[in-house]
Amino acid sequence: MSDLEQFRQDTRAWLEKNCPESMRVPVRGFDDFYNGGRNPEIDHPDQKLWCDRMAERGWTVPHWPKAYGGGGLNSEEVKILSQEMARIGARRALDSFGISMLGPALLHFGSEEQKLEHLPKIARGEIRWCQGYSEPNAGSDLASLATKAEDKGDHYVINGQKIWTSYADKADWIFCLVRTDNSGSKHEGISFVLFDMDQPGVTVRPIKLISGNSPFCETFFDNAIADKKNLVGEAGNGWTIAKYLLTHEREMISGFGAAPKKSVGQVALETIGADATGRLANSVLRQNIAQYQLDTMVFGATMKRVGDEAKAGQGLGAASSIFKYYGTELNKRRNELNLAVCGEQALGWDGEEYNGGALSRDWLRSKGNSIEGGTSEVQLNIIAKRVLGLPDA
Amino acid sequence: MALVLNEEQVMLKESAAGFLAEKAGVAQLRALRDSGSERGFSDEVWREMVEMGWAGIAIPEAFGGLGYGYTGLGLVLEQAGRNLSASPLQSTVLVAASVIGELGSAQQKEQLLAAIAAGDKLVSLALQEGAHHAPLQSSLRAQAQGDDYVLNGEKLLVLDASAADTFVVIARTAGEPGDEQGLSAFLVDADATGLAIAPRSMVDSRSAGALVLDGVRVPAGNLLGEAGAAWDGLSRALDVASIGFAAELLGLSTEAFERTNAYLKERKQFGRVIGSFQGLQHRAAEMFAELELARSIVLQALHAIDDGEADLALQASAAKAKLCEVAQRVTSEAIQMHGGIGMTDEHEIGFFIKRARVVQHIFGDYNYHLDRFARLNGF
């Protein structure tokens with residue numbers, strides 16, 4: 001038996017034994033994933049158990065090195081693990097910005113000391129992170145951010161305000177873009193620092209969205225303290241790290257567009273019915289759904305192609321911008337179609353009969369997908385300038 | 001199979017690009033058009049293509065081909081699309097060879113595929129009868145008479161009709177229009193008694209024509225496969241053809257886009273290059289994203305042929321529908337972004353939208369394939 005086959009068998013056996021039954025049902029939505037942290041939100045006691053068991057093997061971040069709390073698996077083994085998890089419907093044990101965003105940046109830019117300090121806590125779900133990027137006057141034009149960090153020798157004193165800080169009210173630490181120098185161009189003088197949110201100088205206020213939920217916050221810094229050992233990279237070099245991390249964020253957001261189990265066309269057939277030829281009875285809606293499903297299939301082929309090319313050492317430079325732009329626009333289309341297909345059901349806002357208003361709330365939330373992490377327009381600017389070489393106005 | 005090109009494929013693509021740009025580019029197409037060429041392509045250039053093995057590129061080695069598979073042929077067709085290269089690659093190598101490969105007996109394949117691969121024979125499929133691609137609606141009749149069949153009816157949009165030595169004529173030996181049962185495929189030589197070939201002048205300056213069959217008598221041995229049972233094989237061959245034409249559209253659209261993007265950096269108005277205007281930049285960026293997506297589905301569909309995937313029909317309709325959509329958008333924008341110069345015959349960009357329109361139509365346009373895509377998805 002090959003090593004990989006052995007690995008598959010061992011993994012299968014371990015998952016069978018250790019994945020609680022309750023963790024083998026699909027999540028109800030994005031908020032149903034376990035995010036960890038000092039005060040984790042626990043909907044089901046098995047969430048923490050499942051996370052702890054997986055973390056012990058390093059399998060919450062199977063591709064990270066073992067020294068940093070990962071599983072040290074190669075890409076083939078990671079693939080087998082995810083196939084075996086999918087086989088029994090096991091959900092991800094831990095889902096966090098630490099894993100999807102800060103981790104990759106630290107692995108790439110962090111010092112050895114920083115990696116050893118922060119990565120294992122991410123892997124075990126002990127510390128939940130949030131991202132301090134946008135400011136009231138620095139949205140699409142992120143580099144004009146003004147939150148100031150004053151150098152006090154062994155630490156920085158931070159003053160300013162962030163906005164659209166996802167889940168800041170639930171996070172323990174923040175990775176934050178601050179301005180350490182005002183003398184050069186706006187891209188210079190930005191630094192990337194990490195600090196604990198649990199201090200008097202940090203105040204968090206959730207923002208209620210049109211969806212009725214509050215995934216984002218305003219975050220205020222009034223003489224907040226960041227230890228200098230938590231400056232990632234060089235002072236003034238934060239923009240490079242910020243951009244690297246943004247590509248991971250874009251890929252994550254574009255993944256929201258992944259097709260659900262039952263296609264929109266199937267749902268439409270059930271709610272609207274077919275004509276005598278077996279086609280969906282409403283031909284206008286049918287065309288819209290077909291176009292959406294076609295683009296979803298083509299988008300999937302593109303994700304696969306870019307992944308295969310990356311493995312082969314080739315790469316599409318603007319891939320993350322294309323994915324962010326296309327994936328979020330697709331997700332908005334899917335939500336619009338859900339509403340068109342479900343009609344009255346999709347207008348409910350609350351109550352069991354409307355599943356808590358999931359359809360309407362998801363639809364409203366999806367409008368933000370093409371704004372957060374760089375608007376669709378910013379992605380198109382990036383493609384136009386960096387790939388197509390079109391000049392500035 | 002990973003969605004990347006291997007070394008052999010990259011070499012093939014590069015050599016095709018170089019050859020076609022030099023020998024069969026837009027300038028040569030214009031010259032063919034202006035000379036009123038009835039065959040619509042240069043025999044000399046075709047001979048060179050044959051010598052490079054392209055006539056048998058997807059034909060198995062056992063039948064005298066190169067056995068590079070359809071991914072290999074797709075790469076050549078993509079380059080033919082980029083250069084608007086006129087040749088029988090589409091009519092004979094892509095379409096007719098696929099139909100023969102699907103339906104022919106071992107002996108027929110041995111004879112015909114070897115002749116195609118050697119460049120000794122041009123073959124073209126005669127399928128469409130009305131304004132639209134509707135293969136099940138075929139009504140051209142083939143009546144059994146003794147050991148022969150007698151064919152009566154008309155066909156349209158037969159590619160390279162003036163140059164073909166032999167046609168594969170889809171005819172009804174039984175059943176009614178709409179039925180899968182009863183469709184048959186016959187080999188009919190171009191010089192058959194009762195066959196009239198009418199060259200038609202088409203918008204893309206390529207050679208297509210109409211056939212009128214008036215009591216054309218062929219022996220039963222000219223049937224490809226069983227009488228009345230051509231549908232399954234024909235349908236698969238049409239899927240292959242659709243994917244091949246999607247590859248041509250990919251090359252054509254990419255080239256039209258790149259020429260347009262270059263023009264945006266060169267043309268000045270209001271004292272600066274027009275490519276600095278965001279109104280054009282975003283449209284260009286959207287097209288670029290669409291083209292990257294288009295490239296993925298074409299490659300995936302080509303692999304689906306070579307890997308014998310069960311969802312070939314879905315892949316084919318997805319690829320053709322998507323590429324029709326992208327080609328229409330990109331070639332229309334190419335004219336708009338070139339402005340007045342794009343409307344002139346003197347400029348080459350107009351040749352792209354003309355060829356695109358024909359390729360979009362052949363064997364099912366966007367509307368046909370999107371409808372079929374939905375059907376295949378169960379709605």
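1. A salt bridge here is a side-chain nitrogen of Lys or Arg within 4 Å of a carboxyl oxygen of Asp or Glu. By that rule the side chains of A:Asp392 and A:Lys385 pair, with N to O at 3.7 Å. The two ends differ in accessibility. A:Asp392 is exposed, at 56% relative accessibility. A:Lys385 is partly exposed, at 31%. Please keep in mind throughout that this is a predicted model.

2. Salt bridges overall. The search over all chains returns 54 of them. Side chains of opposite charge can pair when their charged atoms come close. One case is A:Arg24 with A:Glu16, where the closest N and O atoms are 3.3 Å apart. A:Arg24 is buried, at 16% relative accessibility. A:Glu16 counts as partly exposed, at 40%.

3. The network around that pair. A:Arg24 and A:Glu16 both belong to a linked set of salt bridges.

4. A bridge between helices in chain B. B:Glu333 and B:Arg283 form a salt bridge, the closest N and O atoms lying 2.8 Å apart. This pair joins distant parts of the chain, 50 residues apart. B:Glu333 sits in helix 9 of chain B, and B:Arg283 in helix 8 of chain B. B:Glu333 is buried, with a relative accessible area of 14%. B:Arg283 is partly exposed, at 30%.

5. The interface: extent. Chain B puts 45 residues into the contact and chain A puts in 43. The size of an interface is often given as the accessible area lost when the parts come together. For chain B and chain A the buried area is about 3,700 Å². Carbon and sulfur atoms give 65% of that area.

6. The interface: polar pairs. The rule finds four salt bridges across the interface of chain B and chain A. One salt bridge links the side chains of B:Glu292 and A:Arg305, at 2.7 Å from N to O. Between chain B and chain A, 22 residue pairs are in polar contact, both residues being at pLDDT 80 or more.

7. The interface: which elements of chain B? Those giving two or more residues to the side that touches chain A are helix 7 (231-264), strand 10 (272-273), helix 8 (278-306), helix 9 (312-338) and helix 11 (366-376) of chain B. Helix 8 of chain B has the largest share, 17 residues. By class, this side of chain B has 24 nonpolar, 11 polar and 10 charged residues.

8. Buried or exposed? B:Glu290 is buried, because its relative accessible area is 8% and the cut-off for buried is under 20%. Setting aside neighbours within four places in sequence, B:Glu290 is in contact with one residue of chain A, A:Tyr326. Its contacts in chain B are B:Lys322, B:Glu325, B:Val326 and B:Arg329.

9. Cysteines. How many disulfides are there over all chains? The search of the whole structure finds zero. For A:Cys51, the closest cysteine sulfur is that of A:Cys19, 12 Å away, so the two are too far apart for a bond. A:Cys51 is buried, at 1% relative accessibility. A:Cys176 is in no disulfide either, the nearest cysteine sulfur being that of A:Cys130 at 8.2 Å. A:Cys176 is buried too, with a relative accessible area of 0%.

10. Positive phi. Two residues other than glycine are listed here. B:Asp160 has phi near 50°, a positive value. B:Asp160 lies in the loop between strand 3 (148-159) and strand 4 (166-172) of chain B. B:Asp160 is buried, at 7% relative accessibility. B:Phe363 has phi near 55°, also positive. The loop that holds B:Phe363 runs between helix 10 (349-361) and helix 11 of chain B. B:Phe363 is buried, with a relative accessible area of 9%.

11. A last pair, in chain A. A:Ala340 is in helix 9 (residues 319-342) of chain A. A:Ala340 is partly exposed, at 44% relative accessibility. A:Ala340 and A:Leu285 are 55 residues apart in sequence. In space, C-alpha to C-alpha, A:Ala340 and A:Leu285 are 7.9 Å apart.

Definitions and conventions. Residues numbered from 1 in each chain as written. Chains lettered and ligands numbered in written order. Predicted model: local features only at pLDDT ≥ 70, side-chain atom pairs only at ≥ 80, totals over all residues. Heavy atoms only, no water. Contact = heavy atoms within 4.5 Å. Buried area = accessible area lost by both parts, 1.4 Å probe. Polar contact = N/O pair within 3.5 Å; in protein donor to acceptor, adjacent residues only side chain to side chain. Helix = DSSP H or I, 4+ residues; strand = E, 2+ residues; numbered from the N terminus. Nonpolar A, V, L, I, M, F, W, Y, C, P; charged D, E, K, R; others polar. Buried < 20%, exposed > 50% of the residue type's maximum accessible area, 1.4 Å probe, protein only. Disulfide = S-S within 2.5 Å.
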